[in-house]
Amino acid sequence: MAFSDVALAKSPVWYAKLDEISGATFADASGTLTDGTFFGTPLFGEPGATGEGTSIYFDNSSSADSPSNSLLFGSFIFDVHLFAKFTAAVPSVTLWEWVVDTSNFIRFTTVDSGVLQFQIRRSGTYRTIRTSSTYDPASEFLFVGFGFDNGTVKIYVNGVSVPTFVAVNNNVTQAPNGGGPFGIGNNGSMWVDDTLVFRTTALTDADVAELYAAANVPVPLVVPLALHGYLQSAAAVVPLRLVSIESSPAGSVPLLLQSADPAHYQAEVAAWSPSVVLDGVDVSASLVGDVEIDRAENQSGIASFELLVPAGAVDLGSYERKTVAITFDGRDSAGSLLYPVRRFTGTTTIAEFNPDAGTVSVTASNDLQGLFEAMPREVIDKLIPGYWSEHVFDDAADGWRYAVDRLSTIPYEMHVDSWGRLVVVPWAASPAYRTFTDTARFGGTLRLTRVSRGDLITHVRINFDFVYTRLRHREISVNFINTLGLCGWLNGQGNLPSKSMIASAIDGNQWTRIGAVRYDDLPTVALADICGGTNFAPNSNSPLFCLGAHWKAARRWGQTVTERHPIDVIASDLAEAVGVQPTNFDYSVEAVFDTGDYERITEYDAAPTGAVLMPQTADYQLDAVDAERTGRIAMQAAQVCAIERAKTLILGRARGNRVTFDPVYDPTVDLSKTLRVSGDYLDATGKVVRLQERLGVRDGNPQMTVELAISRHGGSGVAVNDPIVAPPTPTQPDETPTPRVYFLQQRSGGVLNAPPDDEDWDGWITNAFGAARTDPNNLYRERFVVRMPEIEETARQATTISQSTSYGVAVPQDSLTLSN
Amino acid sequence: MADVPYVFRDAALTEPFDPVDGGIGAWSKQGDTAVGVFYVGATDAGFKLQATSNPGVDPIALSIVDSSPGSGVEATAIRLAVSEAGLAAATPGAALNIGDTVLGGAVNAIEVWFDWANSIGGGEYTEISIDIVPLDEVPV
């Protein structure tokens, strides 16, 4: 289908095909409006864009206007699309406009070297949308347009909706009320072909794409060149890497599986004997006294035993730094082995000789700390869950410290089990593995010790500062408007500045010019009898001077921003019972950035990539927070780490209540278990936090002391655990607005009552001449000065913004009942 | 006895496994489950482990071997997995493939977890072992 068929099928309310090749009017192919009128001298019969008819070239003094009408009166939905060929070198081109009056219009233009801009003004209120990219078709037509749907604006280029941003965000959802002409052209140089206006029903993306496809805009041909050449290389050396592969035979890892018999150890009388293997040698026969084992959360397990030594020299070193395995052997009444139970696996640390008894006392450790000291952090990360940040913990810490730091951010504990295996488990009580009820067998050992109020923490205040550099980029419009005008110059009230003088002054300050300078040129045609009877005739020097100049200038600087995050982690249930028990932590992250380069470099022609025009400052901003170790992502990870650490601290202190008792020996009890003790006067459930075992060589009856951790809050129990995510970024406050337009003045000396010359002036300073020079004693030094405004202190100085956040913590309430 | 190549007792690969020091231990009371772990890896990060049979193609397989089937602990009471959490979904008695390549360095070592569903009377049982196919240690 031809483009016009596709276009008309979509029912435009106005369709200017612009296929006229002469005349003063143009037709509306939609049949809605009467013919429009050409103004100025457009060029007809130019090559078209749609494969049908021709296009029309408009210079900056020609246009095509429809008759005045109210076709878009109050519309909420409308579309305008047209083919245009323009050049970005022209600062601003009006592609299409509908103007009711200066406070009510819709305008589609190019600005800023090829940015497409849609602007609607209704009752004086603006909404402006711009494309994020520039477009400079130069030698080919673009199919450009916009769709307006209740304030939502899409801008299309060649059938595709392109990225845009909101430059002015006032809420305008409706076309102005009133009537006025539709215009094409004006204020620029461009070729325009078929132009379409739709209303009431919005065009879809597919509609616009279909229109563009129907035009069959030719794609430039690309002719690949086949270029042949050859490479010449010098003599090469090829080193050989000879590797010998090491092969191993099949391996076999035996398992040592021990099964404890409850029928034995829960019986009235169970017999046990200790067995110790030291450096691979069974030394059980030399044991005297007690074998003691003491294990606790987050600590190395310790074992001690005493050995008779044979007569002769004693080498204590032969007992130290040796592997040791301690087993308690369950035996029947006849002394026969029923089953062994490994109780400790470790390494001896120190041996002491008792010369009176002829024994050596040996102490061993399962060396929890030593497991981590030389361990790579990546391996620790696999073993220890939790959080870690160099901004919260010491980055130079050794492996043990690193592991402890990670563990301090989650409610977990670690220990080494009886086989020497690292165990990391939650410390929260779970359903009781076993309930001990026969308190008569505790031997009066059952005790409850409550955590002191001073050890509890209910509120943790984290003062977290994030310091970074905000890269700011300010653009202002600079205007030199020669108030003399053409007549003032012709009448001798002052000279005109040369363009070269202006260009030199523009580039001679700390601001960077963005885009080209637009000059107000002298007339290019002779003018007779103007300005009170003067004649003007252009000559070859006329283009070198101007009546005014306009450009955009930019300035960049870095501003230090401190985000202050007061973060509260609160256990409200616990605070109900014991009052507020506060503690504080302070952390700070400073995002690394070298502001110097940003401020020094003045060669740019747009805002920094990624910078956004912020309404709070009317400047482009880009926060330098991308550094891997000190940027926002790392900072937020540190915040989460600090909050989790605070939460864990509160929870850990709240489980400081202890119940201890000595039950009948049960070898299956270990630090991972939750136990319940249920007596007449005390009933408690908690996780084992410490376990001590003693077994004499001859008594056969192991003693076991169990210590349970009981978590309590004592409050109403309504607290909940808030999800822990990084606090939100503080809101940036509005700065006091400063002008984004700067005007340079013109001053003339040599006239009566003119003020004396002032070197602080900027703008164009000149002198009257000829008959207009009425005071030859007060002449100025002729110069063009651009003295741009300074960036205000509030925009330069370091600033602080704050955001408070609070996180609730629910302290577990383990079972604990007391009665008398 | 000599170390079992590429098998370690600890995650940092500092304690090569030597059966003379005893097997990989686990214990529980009858009716409970016991767990244990060891590590397969190469200490040198510049090397990797692959099955000798067809390096890089055949899986590195670990199988459960019972030296006295029909008595004591049976192979079907053992499950293998590469994480403690993975044991629950493991098939009793089934072999474990830990991939066709294990990169060197402690951080790349593979955890081999086993659990034992203890349904047997009190005692110590040594008839179960975990066998590993022959391995090549080759440069990365």
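**Reading the interface of chain A and chain B**

Colleague: How many residue pairs are in polar contact between chain A and chain B?

Modeller: A polar contact is a pair of N or O atoms within 3.5 Å; within protein, one must be able to donate a hydrogen and the other to accept it, and residues adjacent in sequence count only if both atoms are side-chain atoms. Between chain A and chain B there are 25 such residue pairs, both at pLDDT 80 or more. This is a predicted model, in which local features need pLDDT of at least 70, side-chain atom pairs count only at pLDDT 80 or more, and totals for chains, interfaces and linings use all residues. Residues are numbered from 1 along each chain as its sequence is written, and side-chain values use heavy atoms, without hydrogens and water.

Colleague: Which element gives the most to the side of chain A that touches chain B?

Modeller: Elements are DSSP runs numbered from the N terminus: helices (H or I, at least four residues) and strands (E, at least two). Here β19(A) gives the most, with ten residues. That side of chain A divides into 22 nonpolar, eight polar and eight charged residues, where Ala, Val, Leu, Ile, Met, Phe, Trp, Tyr, Cys and Pro count as nonpolar, Asp, Glu, Lys and Arg as charged, and the others, Gly among them, as polar.

Colleague: Which strand of chain B is joined to β19(A)?

Modeller: Two strands pair if DSSP finds at least two bridges between them. Three bridges join β19(A) to β10 of chain B (residues 123-125), and the two run antiparallel. In this pairing, A:Q258 stands opposite B:E124.

Definitions and conventions: Chains are lettered from A and ligands numbered from 1 in the order in which they are written.
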